[in-house]
Amino acid sequence: MSLFKTYAGLSRDIYYLCLARTINSMGDFIFSLITLVLTLQMGMSVVSAGIFVSMAALISGPGVLLGGYLSDLMGKKTIIISGQVLSALMIISCSFYSGTITIGYLLIAVMFFISITRPAYNALIIQLCPEEKQRKSAFSLMYLGANLGIALGPLIAGFFIKDYVHIVFLSIGTVFLISTFMIWKKVHVAAGDPAAQTLTGEPVHHTHTEQPQRKQQPRQQKHKQSGSPSRQPQGSNPSPSRLFPMLLKNPLIVFFIVVSFLNYFIYMQYSFSLPLQMNQTFGEHGAAYYGSVMTINAISVILLTTLVLSATRSITALNSIAAGALFYGIGFGALYLLGDWPHFAIVVVSTVLWTIGEILVQTNINLYIASRVPDTHQGRFNGFLLFVGCLGYTLSPYLTGLFIRSLDMESVWIIILGISLFYALCMVLLWYMDKNAANKRGMQSPEFSKSV
């Protein structure tokens, strides 16, 4: 239980936000629902159902970009509540169109509105957590809760989806409304937060300024707040300035977001290349073995997330991501051994290793942006990162399929190992570039004093 002290000290708003996200995640398997409803209930071919799934995936890209912009313009909490209410109403309406193609189009719209809320969730956590260690704990708790919800939701829905799909729709819509109500009533965002009203055009290093520093200069802060004409009144949202000038002034952040494509490309292997490998290695039992892999992954996430966070709490976000990339490479690369030793024990060890990589990367990937981007741009930068993620998820199966066709199944894992090592190297290189840039500006930070 001492491990759970890692999550102590967070604000009550964060706990309610994470609880709401956990509840929401129980109904957050729309991709699978599209496929199951269209094929099981309507008898649609796999190819036709795949078109709907692809449309839902493609529409998520514009959704996260729009959600990022709107969350900066209208407020993070407002976008989360609006997106989830619209999603809930559309999901509930699906229960009245059972057996018709309308369900497919409604679920695509649901995916769009869900994707709008994603950057707002990330940006709201950043806004509610002033210190980086708090953010690390908050993102870890959010990740753990989301995985718990994702594990429980499909398990429960599986008993009803074939004969009582209308109950599934009503239940998911109700779950969305419950989590939305919790955010509305229990998550409070301070109006007129100074952090949300500052835009200098420079990288914002460590926006979690330590309290002793604030106490040393009370008069200077008071003078700035009263004398600066750019300040907005209490309770008002500043209109968001343009994104691209901010990107041009922060090339290291752009480099980080672009290179993050590799993370999503690598991570997608668990749902594309891994089931293919199970079928090739274990034949007709491949599907059962793949199901076991997903169970091992879920159990590992639940058991190891808190442990990994506790062990890496003092390590910087970039170094944690680099370590996660190494675990990705070793875990997926180990599957190359199946060509000579087709034993499931190799798959078990591999799954635990790449799951540790998943935990390290997914709980830290938002932290680098969090401490270097003003709150006025958090939504759009997180939306940009999620958009790159959509590209990675979309292109990974196609490009990996080309690798498999040109080489063989086992050789793909060596390629993934190489990509993972390159991703880790990029993160370490970015760490050093960031350190040198900070030193040139005379901004020595405890983060840069740690060894890689």
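Okay, so let's start with helix α11, residues 251–259, and helix α18, residues 378–406: their axes come within 8 Å and cross at roughly 30°. That crossing angle makes α11 roughly parallel to α18. Keep in mind, please, that this is a predicted model. Who meets whom here? On the α11 side we have Ile253, Ile257 and Val258, and they meet Phe381, Phe384, Leu385 and Val388 in α18. If you sort that contact by class, you get seven nonpolar residues, no polar ones and no charged ones.

How many aromatic pairs does a search of the whole structure find? The search gives 15. Let me show you two of them.

One is Phe282 with Phe344, an edge-to-face pair, with 6.2 Å centre to centre and 70° between the planes. This pair links distant parts of the chain: Phe282 sits in helix α13, residues 273–282, while Phe344 belongs to helix α16, residues 344–362, and the two are 62 residues apart. Phe282 has 14% relative accessibility, so it counts as buried, the cut-off being under 20%.

The other one is Phe332 with Trp413. Here the ring centres are 5.8 Å apart and the planes are at 10°, so this pair is stacked. Phe332 is in helix α15, residues 317–333, and Trp413 is in helix α19, residues 409–440, so the pair ties together parts that are 81 residues apart in sequence.

Arg21 lies over the face of Tyr121, 5.5 Å from the ring centre. And Lys185 lies over the face of Trp184, in that case at 5.1 Å from the ring centre.

Let me go back to α13 for a second, the helix with Phe282 in it. How much of α13 is covered? Mostly covered is the answer, with seven of its ten residues buried. Those are Ser273, Leu274, Pro275, Gln277, Met278, Thr281 and Phe282.

Gly324 lies in helix α15, and with 0% relative accessibility it counts as buried. What does Gly324 touch, if we don't count residues up to four places away in sequence? It touches Gly357, Leu360 and Val361.

Leaving aside neighbours within four places in sequence, Ser300 is in contact with Thr305, Val352, Thr355 and Ile359. Take Ile359 from that list: Ser300 and Ile359 are 59 residues apart along the chain, and their C-alpha atoms are separated by 9.5 Å.

That's my tour, so over to you for questions.

Note on methods:
Residues are numbered from 1 along each chain as its sequence is written. This is a predicted model: local features need pLDDT of at least 70, side-chain atom pairs count only at pLDDT 80 or more; totals for chains, interfaces and linings use all residues. Side-chain values use heavy atoms; hydrogens and water are left out. Rings of Phe, Tyr and Trp (its six-membered ring) pair if their centres lie within 6.5 Å; planes under 30 degrees apart count as stacked, over 60 as edge-to-face and the rest as tilted. Helices (H or I, at least four residues) and strands (E, at least two) are DSSP runs, numbered from the N terminus. Buried means under 20% relative accessible area, exposed over 50%, partly exposed in between (1.4 Å probe, protein chains only). A charge sits over a ring if NZ of Lys or CZ of Arg is within 6 Å of the ring centre and within 35 degrees of the ring normal. Contact means heavy atoms within 4.5 Å. Axes are lines fitted to C-alpha atoms, for helices over the stretch in contact, and angles run from 0 to 180 degrees between N-to-C directions. Angles under 35 degrees count as roughly parallel, over 145 as roughly antiparallel, 65 to 115 as roughly perpendicular and the rest as oblique. Ala, Val, Leu, Ile, Met, Phe, Trp, Tyr, Cys and Pro count as nonpolar, Asp, Glu, Lys and Arg as charged, and the others, Gly among them, as polar.
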